[in-house]
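Thanks for sending this one over. Here are my notes, written to be read with the model open beside you.

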Amino acid sequence: MQVIAHIRSPYTSKFGIPRQSNIVEALPATIVFTPPFRVAEALRGIEEFDYLWLIWQFSENVRDTWSPTVRPPRLGGNQRMGVFATRSSFRPNALALSSVRLLSVEMQSPEGPLLHIAGADMMDGTPIYDIKPYIPYTDAHPEARSGFAPTPANRLLEVHCDASLLAVIDAPYREPLLQILANDPRPQYQHDASRIYGFPFAGCEVKFQVQDNSLTVVAIEKTTISR
């Protein structure tokens, strides 16, 4: 298989990335095609679809070995399930599937055609192997059973963030950051109320604490120039 594109995303580490696509619906990202596939003709008609399927690689989890069972974070990391009954990133071929919302198509840019999307759950630089349109009448099954994940994983946390701290983040990423924090970005087995957690996001380092159902942002500091 050939890598056709890469994602440009404000996530520069695995920590903090939503556990499923579209959990943070407002988060903007961009699909940048690799030179052999920077062909406008290949995107003809794509603007007529609201959502896309992305087939991509868990590029930070590629391994030479695999296990038939994994410990899904949804189950607290203590119970094993069959790898093919989960969406774990530790898979024989490290492939993933995400649905994302197509915001716009930019045909003319120095990097060739670009797809501007929202709701991606992918780290910056993630390789994409294919893009397909999402078709509701065949792809949506609202009455389907969902196994051990029938409902959203967590209740939302109450987020407290001083306006002066939030202002450090570039404007397009402020609301998405609040959504990320409300969904509790901590590993699901960590519940230390005294610990200060941190993760890079949109050119900043975000630090926070969680106590009960309340998350407090303690610092947001610029680290690099955000895209």
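The points below cover the basis of the model, a sheet, the aromatic rings and the cysteines.

1. This is a predicted model, in which local features need pLDDT of at least 70 and side-chain atom pairs count only at pLDDT 80 or more, while totals for chains, interfaces and linings use all residues. Residues are numbered from 1 along each chain as its sequence is written, and side-chain values use heavy atoms, with hydrogens and water left out.

2. Let's begin with the sheet. Four strands make an open sheet with mixed pairing, in the order β9-β12-β11-β10. Strands here are DSSP runs of E, at least two residues long, and helices are runs of H or I of at least four, numbered from the N terminus; two strands pair if DSSP finds at least two bridges between them. At the edges sit β9 (158-160) and β10, each pairing on one side only. On average, neighbouring strands are turned by 30° against each other, direction ignored.

3. Inside that sheet, β11 (residues 204-211) and β12 (residues 214-222) run antiparallel and are joined by eight bridges. If you want a spot to look at, Lys207 stands opposite Ala219 in β12.

4. Helix α3 (residues 174-182) lies across β9, β10, β11 and β12, and runs at about 145° to β10. Contact means heavy atoms within 4.5 Å. Axes are lines fitted to C-alpha atoms, for helices over the stretch in contact, with angles from 0 to 180 degrees between N-to-C directions.

5. Now the rings: the whole structure has nine aromatic pairs. Rings of Phe, Tyr and Trp (its six-membered ring) pair if their centres lie within 6.5 Å; planes under 30 degrees apart are stacked, over 60 edge-to-face, and the rest tilted. One of the pairs, Phe15 with Phe199, is tilted, at 5.7 Å centre to centre and 35° between the planes. Phe15 is in the loop between β1 (5-8) and β2 (28-33), and Phe199 is in strand β10 (residues 197-201), 184 residues apart. Phe15, Tyr197, Phe199 and Phe208 form one aromatic cluster.

6. Is Phe199 buried or exposed? Phe199 is buried, at 0% relative accessibility, whereas Phe15 is partly exposed at 23%. Buried means under 20% relative accessible area, exposed over 50%, and partly exposed in between (1.4 Å probe, protein chains only).

7. Finally, the structure holds zero disulfides (pairs of cysteine sulfur atoms within 2.5 Å). Cys161 is partly exposed at 23% relative accessibility, and Cys204 is buried at 1%.
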